[in-house]
Amino acid sequence: MSERKIPTKLLLEEKELPQYWYNMNAVLPEKHDPPLHPGTLQPCKLEDFEGVFCTELAKQELNVTDEYIPIPEKIKDFYKMIRPSPLIRAYCLEEALGTPAEIYYKFEGNNTSGSHKLNSAIAQAYYAKEQGLKALTTETGAGQWGTALSMACAFFGLDLTVYMVKCSAEQKPFRKTVMETYGAKVYKSPSETTEVGKRILQENPNTTGSLGCAVSEALEAAVKTPNCKYVLGSVLDHVILHQSIIGQETKFALEKYGIEPDLLVSCIGGGSNFGGFVAPFIKDKINGKAKYEIRAVEPKSCPSLTRGKYAYDFGDTGKMTPLLKMYTLGSGFVPSPNHAGGLRYHAMNPIVSKLYHDGYINCTSVEQTSVFEAAVKFAKTEGILPAPESSHSIKVVIDEALKCKKTGEKKKIVFCLTGTGYFDLNAYAQYNNKTMTDYIPTDEDLEKSFATIPDIPQNK
């Protein structure tokens, strides 16, 4: 049995709750290329974002100078109900692996929404309420974001319409039930409620949907609905800003207990969880003061970082968003209906893309069946049924811990457990029944989707 000199839960006190969000944009030695207006191809101005987003969120999106941004009191009061979240030493997993490595995980599943998404959902709903809005629209993949935003909108008395990726809605029907319990209207995407949804269904009636498609529908609905704005749970910089509370708490706890990490790991889809988890660690990495490695983990079925192109692209299938410089598979890419719905996005956040491009972080891609093998091992040892998204991190953590077993290296590995898998029982059933399959896009598949990347001077 591992010696438990360090407690199982490395807890922070309420007084240690972060008072600011951490803005990685302020410390990048070279800023990522600005978002472009799709009509003029000129850098977006505040008014370009205000047509879709709340004013304060638009300002945060364009803020590249302030390293720390104060968290409003009402948001801090809400955070106190669910935060600080625990950083946990995985003693039982370590023992089962027989590894000399120390494994820690920041657990973001201790709230009703079941994931980290509530950190940004409550902030975005707050700014909408402060602006006097009455309604919001959004998309959701696996449903964690839709669930979190439904809770936040109920808290502030806002109407919400959610477009949920079709295959995820069919895989996880009870996510829809939870959202509706909090008062949200939920549509499978693509739907017949928007023009872009109708067009996509006409072109491909059997489509399983994609986050890019759901984004387009939510944007169209927001523009057509009075006193309404669009919000989203990943990809853009202001979402990572709100999620930085995860990384700050993690860093505080590690410093409080005298733990120096060797490896930081988090799953990655659009970038919100990964970016928020590593945000306060990036400055030391950039300045050459940090010895630790920072690794993202993505599915082989949707490999935007490991196989994508670094180019300006649309964030949605309908090509309604600003153009963002990011790693992308092309906005026309439709991922296979794997069970990690939160990681089925065609592109990556601009900050994360820039960090990867400049070599400050690295990325590993993994197959679905190996991910669930790791998830089951974690559930059996640590007592938490992990979400498929988080289980990508667990797969890499276990692999690294087993390497330490061979070499005797006593690495300290820290990862973010973004949520729980209790709405993913169909996926676990497929794994248990040995009917789960893996799909990895071919180079030919990707070339077809790369063809949807805009042919503009900035991409030459």
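The side chain of Asp438 forms a polar contact of 2.6 Å with the side chain of Thr369. This is a predicted model. The C-alpha atoms of Asp438 and Thr369 are 6.6 Å apart, although 69 residues separate the two along the chain. The Asp438 side chain also reaches the backbone nitrogen of Gln368, at 3.0 Å.

Asp438 sits in the loop between α17 (425-432) and α18 (443-450). Leaving out residues up to four places away in sequence, Asp438 touches Glu367, Gln368 and Thr369. Its relative accessible area is 36%. Asp438 is therefore partly exposed.

Glu61 belongs to helix α2, which spans residues 55-61. Glu61 is buried, yet has no salt bridge. Lys117 is the nearest side chain of opposite charge, and it lies 14 Å away.

What joins the side chains of Glu61 and His238? A polar contact of 2.8 Å does. His238 is also among the residues in contact with Glu61 once neighbours within four places in sequence are set aside.

## Packing of α9 and α10

Helix α9 (residues 195-203) packs with helix α10 (residues 211-224) at about 150°. Their axes are 8 Å apart.

From α9, the contact uses Glu195, Val196, Gly197 and Ile200. From α10, it uses Cys213, Ser216, Glu217, Glu220 and Lys224. Four of the contact residues are charged, three are nonpolar and two are polar.

Conventions. Residues are numbered from 1 along each chain as its sequence is written. This is a predicted model: local features need pLDDT of at least 70, side-chain atom pairs count only at pLDDT 80 or more; totals for chains, interfaces and linings use all residues. Side-chain values use heavy atoms; hydrogens and water are left out. Helices (H or I, at least four residues) and strands (E, at least two) are DSSP runs, numbered from the N terminus. Buried means under 20% relative accessible area, exposed over 50%, partly exposed in between (1.4 Å probe, protein chains only). Lys and Arg count as positive and Asp and Glu as negative; His and the chain ends are not counted. A salt bridge is a side-chain nitrogen of Lys or Arg within 4 Å of a carboxyl oxygen of Asp or Glu. A polar contact is a pair of N or O atoms within 3.5 Å; within protein, one must be able to donate a hydrogen and the other to accept it, and residues adjacent in sequence count only if both atoms are side-chain atoms. Contact means heavy atoms within 4.5 Å. Axes are lines fitted to C-alpha atoms, for helices over the stretch in contact, and angles run from 0 to 180 degrees between N-to-C directions. Ala, Val, Leu, Ile, Met, Phe, Trp, Tyr, Cys and Pro count as nonpolar, Asp, Glu, Lys and Arg as charged, and the others, Gly among them, as polar.
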